[in-house]
Amino acid sequence: METHGDCVPGPSAFKTRDGRFSYEAAGVEDLPPLIFLHGIGGAARAWRPQLAAFGDRYRAIAWDMPGYGSSQPLPAVSIATLADALKDFLRQIGAAKPVLVGHSIGGMIVQQLLTHDPIIAESVVLAQTSPAFGKPDGDWQKEFLEARLGPLDRGETMAQLAPKLVAELVGDDADPDGLDLARQCMASVPEASYRAAMMAMPGFDLRKALGQICVPALVIAGTRDKNAPAAMVKKMASFIPNATYVELEGVGHLAALEQPHEFNAVLGDFLRTATPASGSDA
């Protein structure tokens with residue numbers, strides 16, 4: 001179901017047999033699947049601290065979203081088409097009943113997938129994400145997109161923007177290695193993919209579907225997160241029937257990179273109570 005690629009530090013790089021998706025993975029294939037989905041400025045490699053931490057008892061996998069890494073771009077990008085792509089990816093890698101960990105837009109994709117396949121996952125983690133982005137013509141939405149796409153319109157490159165963008169996303173005392181990895185990932189995002197992912201969010205609204213999420217859910221917020229404010233994330237969690245809400249103090253929008261040990265501890269606690277696993281505890 002998967003073909004091995006070149007070795008990279010820590011996990012290994014793979015591609016699906018049809019060449020459509022690239023991903024990184026750690027852990028043997030017969031372990032329970034734990035799938036990580038990055039945000040707009042991320043990549044599969046953004047999850048390396050988590051692949052290293054959980055690969056002893058899970059088949060820990062991080063995809064490159066379509067248009068990222070070596071994954072092929074989609075003809076048309078929306079949260080719905082990205083969710084369809086995720087379903088195809090899970091099928092190709094043989095990940096039945098996975099734990100899905102979605103950060104930011106990755107969490108939106110997970111929510112979208114659950115609307116059509118409510119029991120496709122064993123459990124889900126919605127990290128620093130939202131159930132809605134709002135209307136394309138809203139003032140906040142226009143300002144959000146202008147702040148992120150305006151510099152590109154004026155000729156700056158993703159590599160030039162990466163240090164500033166990452167600095168604006170993080171909170172207090174972020175891990176230096178995590179910050180460096182965040183900047184590397186942001187700098188490597190193709191401009192077309194970044195634009196397409198940004199433009200996929202306006203109009204997304206699954207607030208009325210939160211009550212239909214029937215699998216165990218961990219919802220994570222950071223107190224310094226400006227993109228997915230903790231108050232909003234906490235409210236989202238309150239509408240999910242079987243949700244555990246955790247707020248990380250001083251953390252911005254990139255919790256898994258800013259404070260990987262804290263993020264991994266929270267995730268590990270959830271996995272021990274909500275899902276089957278193999279091997280030792282973190």
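Which residues in α5 meet which residues in α6? In this predicted model, local features need pLDDT of at least 70 and side-chain atom pairs count only at pLDDT 80 or more, while totals for chains, interfaces and linings use all residues. Residues are numbered from 1 along each chain as its sequence is written, and side-chain values use heavy atoms, with hydrogens and water left out.

From α5, Met158, Ala159, Ala162, Pro163, Leu165, Val166 and Leu169 meet Leu179, Ala182, Arg183, Met186 and Ala187 of α6, where contact means heavy atoms within 4.5 Å. Of the residues in this contact, 11 are nonpolar, none is polar and one is charged (Ala, Val, Leu, Ile, Met, Phe, Trp, Tyr, Cys and Pro count as nonpolar, Asp, Glu, Lys and Arg as charged, and the others, Gly among them, as polar).

Helix α5 spans residues 158-169 and helix α6 residues 176-188; helices are DSSP runs of H or I with at least four residues, numbered from the N terminus. The two pack at an angle of about 135°, with their axes 8 Å apart. Axes are lines fitted to C-alpha atoms over the stretch in contact, and angles run from 0 to 180 degrees between N-to-C directions.

Gln111 lies in helix α3 (residues 105-116). Gln111 counts as buried because its relative accessibility is 4% (buried means under 20% relative accessible area, exposed over 50%, partly exposed in between, with a 1.4 Å probe and protein chains only). Beyond its neighbours within four places in sequence, Gln111 contacts Leu126, Thr129, Ser130, Pro131, Leu206, Leu210 and Met236.

Ala147 belongs to helix α4 (residues 139-153) and, at 45% relative accessibility, counts as partly exposed.
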